[in-house]
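Subject: A structure for you to look at

Hi there,

Here is the structure I promised to pass on to you. Please open it next to this email, and follow along as you read.

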Amino acid sequence: MDLSRFPRLSLARLPTPIEPLPRLSVHLGGPRLYVKRDDLTGLGLGGNKLRKLEFLLGEARTQGADTVLTVGALQSNHARQTAAACARLGLDCELILRRSSHVTEAYLHGGNVLLDRLFGARLHVLAAQDSREDFMAMRAEALRGEGRRPYCIPVGGSCGLGNLGYVVCAGEIMAQSAASGVRFDAVVAATGSGGTQGGLVAGMLLEGGAPVTGIAVEGSRREQEALAAAQAFEALRLLGRNHADVVEQVTVLEDFVGTGYARPTDSMREALSLAARFEGLVLDPVYTGKAFAGFIALARSGRYDKEQDLLFVHTGGTPGLFGYPESV
Ligand SMILES: *Cc1c(COP(=O)(O)O)cnc(C)c1O
């Protein structure tokens, strides 16, 4: 897939490695398990959003932007990676973050929030009921009034352009698969704002690769499937492709959300523990812990035999561990 007509900055260390999980695979007694280490993209402690930011900030740079704004939850990994990328590029960064009813010291000041401040971002912290998008639009308008050139990034960096980062990732998986001879029977990733799954689905459609299953970390299956399908569609539209069958390619499992976004579950705790104790692999409680719980459930489901290969995309988020230490 030729993406060279889209301005793109190099922010992430790519390709990220694919590693086997041999001890965990034996322990679970099912298919062979692997992990694509998108937690190791590097800049600002890494994570999936850097892939999207390569395209988004490429556009910001082309437009001559001097200030980047984005929105997220208070402990947003996307916001933290945006702040780190802006530091690297010499751009001002303003983060519009919404807090939940959580009131621990770690949540309010630790983890990603600590890093946002360290990277020099300006934080606007909103109450749970406020609209982040309205605030961002208002703030961008005020900046324009001061003669500044703001560039606004939607939640999670999910939009046609940002999702191209995960079309790239699908291409990487296919190339690594061809080089190693391991053909994946399924690819599994956490899904939130939908761009990661949407980009992977679009990329796999274009490359003829494996089916992608999203594990919801919020919302219902129907809501999350609609989001991911819309994000896949936007990416394909930008590439001038119109796949009528996008909707059929989007599968989301909703059974691992528990009582809501960032609320701990027993299966998340088990996933963190198994990944850590069998493989020395660190997951986070909000995204990858719940997604890995879904991955483990698929491995245990009996749907795949011992000769099949399943890939988990580790989307990062490890600083979140230190924002929610009590969930572990
Ligand atoms: C943002 C995020 C996701 C979800 O990606 P979306 O593209 O928003 O669906 C998954 N894992 C981590 C660690 C994230 O920060």
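Leu-45 is exposed, with a relative accessible area of 52%; with a 1.4 Å probe and protein chains only, exposed means over 50%, buried means under 20%, and partly exposed is in between. This leucine sits in the loop between strand 2 (32–37) and helix 2, where helices (H or I, at least four residues) and strands (E, at least two) are DSSP runs numbered from the N terminus. Leu-45 has a positive phi of about 80°, although it is not a glycine. Ala-262 is not a glycine either, and its phi is positive too, at about 65°. You will find Ala-262 in the loop between strand 9 (250–253) and helix 11 (266–279), and at 13% relative accessibility it counts as buried. Why point these out? Because most residues other than glycine have a negative phi, and most peptide bonds are trans. Pro-15 belongs to the segment before strand 1 (18–20).

A word on the source: this is a predicted model, in which local features need pLDDT of at least 70 and side-chain atom pairs count only at pLDDT 80 or more, while totals for chains, interfaces and linings use all residues. Residues are numbered from 1 along each chain as its sequence is written, and side-chain values use heavy atoms, leaving out hydrogens and water.

Four strands make an open sheet in the order 5-4-3-6, with parallel pairing; two strands pair if DSSP finds at least two bridges between them. Strand 5 (122–126) and strand 6 (150–153) are the edges, each pairing on one side only. On average, neighbouring strands here are turned by 20° against each other, direction ignored. Strand 3 (residues 67–73) pairs with strand 6 over four bridges, in the parallel sense, and Thr-70 stands opposite Ile-153 in strand 6. Helix 2 (residues 49–62) lies across strand 3 and strand 6, running at about 155° to strand 6. Such angles run from 0 to 180 degrees between N-to-C directions, using axes fitted to C-alpha atoms, for helices over the stretch in contact (heavy atoms within 4.5 Å).

Next, the aromatic rings. Which residues form one aromatic cluster? They are Phe-292, Phe-295 and Phe-312. Rings of Phe, Tyr and Trp (its six-membered ring) pair if their centres lie within 6.5 Å; planes under 30 degrees apart are stacked, over 60 edge-to-face, and the rest tilted. Phe-292 and Phe-295 have ring centres 5.5 Å apart and planes at 45°, so this pair is tilted. Both lie in helix 12 (residues 288–300), three residues apart, about one turn of the helix. Phe-295 and Phe-312 form another tilted pair, 5.3 Å centre to centre with 45° between the planes. That pair links distant parts of the chain, as Phe-295 is in helix 12 and Phe-312 in strand 10 (residues 309–314), 17 residues apart. Both Phe-295 and Phe-312 are buried.

Last, the cysteines. How many disulfides does a search of the whole structure find? The answer is zero, a disulfide being a pair of cysteine sulfur atoms within 2.5 Å. The sulfur of Cys-93 is 4.1 Å from the closest cysteine sulfur, in Cys-86, which is too far for a bond. Cys-86 is buried at 1% relative accessibility, and Cys-93 is buried at 7%.

Happy exploring!
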